[in-house]
Amino acid sequence: MTYKEAEHRLKACGQEQVLRYWKALSEKQRKALLAQIATIDPASVVRCRAALEAGVEAVDNSKGKAPKVDVLKGAALKRAVEAGEKELENGRVAALLVAGGQGSRLGFDGPKGCYPIGPLTDAPLFYYHARKILARELRYETTIPFYIMTSEANNAATIRCFEENDYFGLNPDDVFFFTQGMWPGMTKDGEIILDEPGHIFMSPDGHGGLLAALDRSGALDDMKERGVTSVFFFQVDNPLVEIADPAFTGYHVLKDSDYSLKLCAKSDPFEKVGIPMKFGSAYRMVEYSEMTEEQCLRKTPKGELYFKYGSPAIHVFDRDFLAREAKEAMPLHLAFKKIPYVNEQGKVVKPSEPNGYKFEKFIFDILPKAKTAAFLAFDPKDEFSPVKNAEGKDSPDTCRADMQDKWRRMLAAAGVSCAAGVPVEIDPVYALDAADLESLGLLLLVD
């Protein structure tokens with residue numbers, strides 16, 4: 001891109017000030033800035049400014065109703081498992097991982113997926129996800145293509161992690177890396193923020209940016225060519241997740257669902273999770289902060305919470321539904337944050353108070369577009385223990401403890417007694433469940 005081309009692009013969205021320090025930049029800085037400008041879509045910038053002017057629209061959630069949440073057991077469970085196994089055996093299931101974050105909150109320098117979480121092996125988060133996929137491939141003699149959304153900040157390091165670990169046993173041809181989009185931050189007045197004289201402040205466009213990234217990267221076309229119809233979505237920080245499990249996959253297919261969600265009972269009425277609600281014939285995800293105290297505390301005649309279930313972001317999507325929604329503009333969410341900026345003297349300032357806006361898209365904003373949505377309850381102790389904080393709740397310590405508790409339950413179900421204090425770790429390829437342990441024998445890694 002030339003200077004004139006950059007000037008024309010910026011003028012199209014009223015952002016000529018981005019070039020205000022051009023004369024003071026080195027040749028290298030100029031090239032870098034032009035490369036950034038080349039990635040900016042003027043129409044998207046206009047949308048962001050319009051979102052700023054409109055502000056955050058108040059949404060009335062008072063008429064929301066709790067959705068019907070299914071619990072699989074008995075014959076229903078058997079039918080779902082059989083349907084899911086058929087999908088897996090016929091190669092119609094893909095795994096989709098959101099892994100754009102860094103491990104900075106954990107004091108870790110690198111992609112969050114590279115964080116060592118193995119209780120005995122220090123294996124990274126990526127290890128458990130990849131090995132679960134490999135285990136299902138071996139069990140069903142199939143291929144489960146693995147699509148991994150990274151960010152500009154961690155894409156190279158993520159790929160390197162997979163390469164250095166021989167893709168954790170997966171076929172590299174079936175692992176597809178792609179990066180999420182980046183959006184410029186803006187001032188209250190709608191001006192793009194420079195965090196250096198020759199650099200635009202950019203931030204990831206949120207997990208909702210997944211749709212545009214899937215389309216832009218060719219991942220959706222790749223899925224179609226492979227015959228994929230169901231896409232299992234999960235996040236990198238939860239090593240307990242049962243990836244592409246037959247019951248959930250089969251449930252999704254039997255419901256002929258566009259968008260299926262696993263939900264778990266809230267640990268307390270005010271837990272910070274999204275709550276799906278029904279409005280008329282459509283569903284919408286409502287943030288915990290958008291609920292009234294009455295809604296949080298509301299009870300059923302049986303004394304249970306009325307809005308009992310929250311979403312831990314474990315979904316199955318219909319591929320065609322994703323492809324349709326990838327062509328549509330998604331709502332923008334504003335986050336008022338502290339963003340470094342360049343002052344009138346050309347000096348970088350790190351503000352002590354929020355001064356600018358980041359723009360994000362949320363994947364659950366396509367929920368109202370689903371012709372059919374389905375909701376399945378699960379037990380969080382078996383499938384959900386995220387690594388979000390350095391200490392306390394949802395930390396590496398709590399996650400490692402939950403992982404070992406799950407393995408001990410597997411051992412107990414296979415008829416093996418394991419004392420609570422005995423460290424244990426089981427490779428998912430060796431055993432996904434107690435049935436595998438019973439049929440293959442036992443191998444413990446003990447400290």
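**Helix contacts, cores and loops in a predicted model**

Leu214, Asp215 and Ser217 in α7 meet Ala219, Leu220 and Met223 in α8. By kind, the residues of this contact divide into 4 nonpolar, 1 polar and 1 charged. Helix α7 covers residues 210-217 and helix α8 covers residues 219-226, and the two pack at an angle of about 70° with their axes 4 Å apart. Since angles of 65 to 115 degrees count as roughly perpendicular, α7 and α8 are therefore described as roughly perpendicular to each other. The structure examined here is a predicted model, and every value in this passage should be read with that in mind.

A second pair of helices can be read in the same way. Helix α4 (residues 74-89) packs against α9 at an angle of about 90°, and their axes are 6 Å apart. These two helices are therefore roughly perpendicular to each other. On the α4 side, the contact is made by Leu77, Arg79, Ala80, Val81, Ala83, Gly84, Glu85, Glu87 and Leu88. On the α9 side, the partners are Pro246, Ala247, Thr249, Gly250, Tyr251, Val253 and Leu254. Sorted by kind, the residues of the α4 contact with α9 comprise 10 nonpolar, 3 polar and 3 charged.

What angle do the axes of helix α1 and helix α2 make where they cross? For α1 (residues 3-11) and α2 (residues 27-38), the answer is roughly 40°, and the axes come within 10 Å. The class called oblique takes in angles that are not roughly parallel, antiparallel or perpendicular, and α1 and α2 are therefore oblique to each other. Their crossing is left-handed. Tyr3, Ala6, Arg9 and Leu10 of α1 make the contact with Leu34, Ile37 and Ala38 of α2. Here the division is 6 nonpolar, no polar and 1 charged.

Attention now turns to the interior. In soluble globular proteins, nonpolar side chains tend to be buried together. In this model, the largest nonpolar core has 57 residues, and those with the most contacts inside it are Phe126 and Phe146. Helix α5, spanning residues 125-140, gives the most to this core, with 8 residues. Apart from this core lies another, of 38 residues, which includes Leu96, Phe178, Val228 and Ala313. Once its neighbours within four places in sequence are left aside, phenylalanine 146 is in contact with Ala95, Leu97, His129, Ala130, Ile133, Phe162, Leu170, Asp174, Val175, Phe176 and Phe234.

Several loop residues are also worth a look. Glycine 100 sits in the loop between β1 (93-98) and α5. Is this glycine buried or exposed? Its relative accessibility is 17%, so glycine 100 counts as buried, the limit for that class being under 20%. Not counting residues up to four places away in sequence, glycine 100 touches Met149, Thr150, Ser151, Asn154 and Gln180. Glycine 100 and valine 236 are 136 residues apart in sequence, yet their C-alpha atoms are 8.6 Å apart in space.

Glutamate 242 belongs to the loop between β9 (230-235) and α9 (246-254). With 13% relative accessibility, this glutamate counts as buried too. Leaving aside neighbours within four places in sequence, the contacts of glutamate 242 are with Arg136, Phe232, Asp382, Glu383 and Lys406.

Most residues other than glycine have a negative phi. Tyrosine 167, however, has a positive phi of about 55° although it is not a glycine. Phenylalanine 168 likewise has a positive phi of about 55°, again without being a glycine. Tyrosine 167 is placed in the loop between α6 (155-164) and β3 (175-179), and phenylalanine 168 is found in the loop between α6 and β3 as well. Tyrosine 167 is buried, with a relative accessible area of 12%, and phenylalanine 168 is buried with a relative accessible area of 5%.

Finally, proline 423 lies in the loop between α13 (396-413) and α14 (434-440). This proline has a relative accessible area of 23% and is partly exposed. How many Å separate the C-alpha atoms of proline 423 and glycine 14? The separation is 60 Å, for two residues that are 409 residues apart along the chain.

Notes: Residues numbered from 1 in each chain as written. Predicted model: local features only at pLDDT ≥ 70, side-chain atom pairs only at ≥ 80, totals over all residues. Heavy atoms only, no water. Core = buried A, V, L, I, M, F, W, Y, C linked by side-chain atoms within 4.5 Å. Buried < 20%, exposed > 50% of the residue type's maximum accessible area, 1.4 Å probe, protein only. Contact = heavy atoms within 4.5 Å. Axes fitted to C-alpha atoms, helices over the stretch in contact; angles between N-to-C directions. Parallel < 35°, antiparallel > 145°, perpendicular 65-115°, else oblique. Left-handed = near helix turned anticlockwise from the far one by under 90°. Nonpolar A, V, L, I, M, F, W, Y, C, P; charged D, E, K, R; others polar.
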